[in-house]
Amino acid sequence: MNLTLIGSTGHTGRYVLAEALRRGHRVTAFTRNAAALEARPHAVVEGDGRDLEKMRTAVADADAVISIINGGDSRDPHRAAEATRTVMRAMAEARVRRLIVTTPYPIVARRPFLVLWLLRRLLATQYADARDLERAVSAGDLDWTIVRLTRLTDRPATGAVVIRRELLGMPHALTRADVAATLLDIAQEGHLSRVAVNVNGR
């Protein structure tokens, strides 16, 4: 499979890139800092995710695009949503259909109430950007999947992953290695089309 990975040098993107290469996929890595790449993808495109010309280059000939873009901050509050709209435009022009994006589960979670209240105050800008990203993706006509993630850690993979469309009970930690496998499984298997899912450890 020809994959384009956006956010390939981020904490989670590094795991996705390594696992994609291990599985034998051909990967084009899009990143703002190519020097930070730890693995060797087949192609690299360096730039800002809102640069349409570079995004066109990155998604050309892709079978699927996996986008892992953190929500914005006070200096750049709309980064994730704006970059995602650029990705979607480039994909539409290139007739690439399959898009998998990640967002933080707390933007929809209801429990635990106090923890969520604190997170939503501390990360208000990032979460607002993630919600805008979700709105943009779900309003589009691509073959998309939104994957909401909980409490990420750098521990070794456990293989214990729960994927649900409904809200989770009490979220458990989830390893980035398991996230990588889950995102690639979704891309490879072509299931969970045009839905948002919540992903949890056990």
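Trainee: How many salt bridges does a search of the whole structure find?

Mentor: Happy to start there! This is a predicted model, where local features need pLDDT of at least 70, side-chain atom pairs count only at pLDDT 80 or more, and totals for chains, interfaces and linings use all residues. Residues are numbered from 1 along each chain as its sequence is written, and side-chain values use heavy atoms, with hydrogens and water left out. A salt bridge here is a side-chain nitrogen of Lys or Arg within 4 Å of a carboxyl oxygen of Asp or Glu, and the search of the whole structure gives a count of 16.

Trainee: Which residue meets Arg50 in a salt bridge?

Mentor: Arg50 sits in the loop between β3 (43-46) and α2 (52-59), and its partner lies in the loop between β4 (64-67) and α3 (79-94), so the pair ties together parts 26 residues apart in sequence. Helices (H or I, at least four residues) and strands (E, at least two) are DSSP runs, numbered from the N terminus. The N to O distance is 2.8 Å, and the partner is Asp76.

Trainee: Is Arg98, the partner of Asp143, buried or exposed?

Mentor: The side chains of Arg98 and Asp143 meet at 3.7 Å, N to O. Asp143 belongs to strand β6 and Arg98 to strand β5, so the pair ties together parts 45 residues apart in sequence. Buried means under 20% relative accessible area, exposed over 50%, and partly exposed in between (1.4 Å probe, protein chains only). With a relative accessible area of 6%, Arg98 is buried.

Trainee: Which residues are linked with Glu19 in a network of salt bridges?

Mentor: Look for Glu19 in your structure and follow its partners. The network links Glu19 with Arg22, Arg23 and Asp185.
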